[in-house]
Amino acid sequence: MLEISPRKVVHVIFLAREEAVGEDELYAFIDALNAEEKAHLTAVAWVGRGAFEPEDFAEAVETAFAEATTPTADYLMGMPHLAENLEAGLDALGIDV
């Protein structure tokens, strides 16, 4: 189901919490992910934000692919409460980290 390891999602959460200190590393980390991982990371954030229900995760991934018009790192780093959204998304998907 999830094409990005929970460990990578947790790393993004950690870096997002570091704010300015981890910003360059966060950008580089997200930018280095493959297209599948980027779409799944975005979908996890959307589920956590409430834009999609957990049972609609596959649709969220398809939407992430279809609507990827800006670099994923730019998009996600501009999202308010990124770390909290990712945590809530993992939780909603039943992934215990």
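**Figure 1. Overall fold of the predicted model.** Helices are DSSP runs of H or I that hold at least four residues, and they are numbered from the N terminus; read along the sequence in these terms, the chain follows the pattern α-α-α-α-α-α. The model is predicted, and its chain has six helices and zero strands. The radius of gyration of the chain is 12 Å, close to the 13 Å that the globule rule gives for 97 residues, so the chain is as compact as a globular protein of that length. Taken along the principal axes, the box filled by the C-alpha atoms is roughly 35 × 30 × 20 Å. Of the 97 residues, 38% count as buried, and among the contacts with a separation of 6 or more, 68% are made by residues 24 or more positions apart.

**Figure 2. Helix α1 and the elements that cover it.** Helix α1 takes in residues 6-17, and at 1.5 Å a residue its twelve residues should span 16 Å, which agrees with the 17 Å that separates its end C-alpha atoms. The buried residues of α1 are V9, V12, I13 and L15, and what covers them includes α2 (23-32), α3 (35-49) and α6 (82-92). After the helix comes E19, a residue whose phi is positive, near 50°.

**Figure 3. The largest nonpolar core, with L41 and L86.** In soluble globular proteins, nonpolar side chains tend to be buried together. In this model the largest nonpolar core has 28 residues, of which L41 and L86 touch the most other members. Two or more residues of this core are given by each of the elements α1, α2, α3, α4 (57-66), α5 (72-77) and α6, and the largest share, seven residues, comes from α3. When neighbours within four places in sequence are left aside, L86 is in contact with V9, V12, I13, L41, V44 and A45.

**Figure 4. The salt bridge between E37 and K8.** The structure holds two salt bridges, and the one in this view joins E37 to K8, with the closest N and O atoms 2.6 Å apart. Because E37 lies in helix α3 and K8 in helix α1, the pair ties together parts that are 29 residues apart in sequence. E37 has a relative accessible area of 10% and is buried, whereas K8, at 29% relative accessibility, counts as partly exposed. Besides K8, the residues that E37 touches, not counting those up to four places away in sequence, are E3 and I4.

**Figure 5. The salt bridge between E87 and R17.** In this view E87 forms a salt bridge with R17, and the closest N and O atoms of the pair are 2.0 Å apart. Helix α6 holds E87 and helix α1 holds R17, so the pair ties together parts that are 70 residues apart in sequence. E87 is partly exposed, with a relative accessible area of 36%, and R17 is likewise partly exposed, with a relative accessible area of 46%.

**Figure 6. K38, a buried charged residue of helix α3.** K38 has its place in helix α3, where this residue is buried yet has no salt bridge. Not counting residues up to four places away in sequence, K38 touches D31 together with I30, L33 and T72. Helix α3 also holds E37, which is buried as well, with a relative accessible area of 10%, and which does form a salt bridge, with K8.

**Figure 7. V97 in the segment after α6.** V97 lies in the segment that comes after α6, and at 62% relative accessibility this residue counts as exposed. Leaving aside neighbours within four places in sequence, V97 is in contact with P6, V10 and L90. F29 is 68 residues away from V97 along the chain, and the C-alpha atoms of these two residues are separated by 19 Å.

Methods:
Residues are numbered from 1 along each chain as its sequence is written. This is a predicted model: local features need pLDDT of at least 70, side-chain atom pairs count only at pLDDT 80 or more; totals for chains, interfaces and linings use all residues. Side-chain values use heavy atoms; hydrogens and water are left out. The expected span of a helix is 1.5 Å times one less than its number of residues. Buried means under 20% relative accessible area, exposed over 50%, partly exposed in between (1.4 Å probe, protein chains only). Contact means heavy atoms within 4.5 Å. Lys and Arg count as positive and Asp and Glu as negative; His and the chain ends are not counted. A salt bridge is a side-chain nitrogen of Lys or Arg within 4 Å of a carboxyl oxygen of Asp or Glu. A nonpolar core is a set of buried Ala, Val, Leu, Ile, Met, Phe, Trp, Tyr and Cys residues joined through side-chain atoms within 4.5 Å. The radius of gyration is taken over C-alpha atoms; the globule rule is 2.2 Å times the number of residues to the power 0.38.
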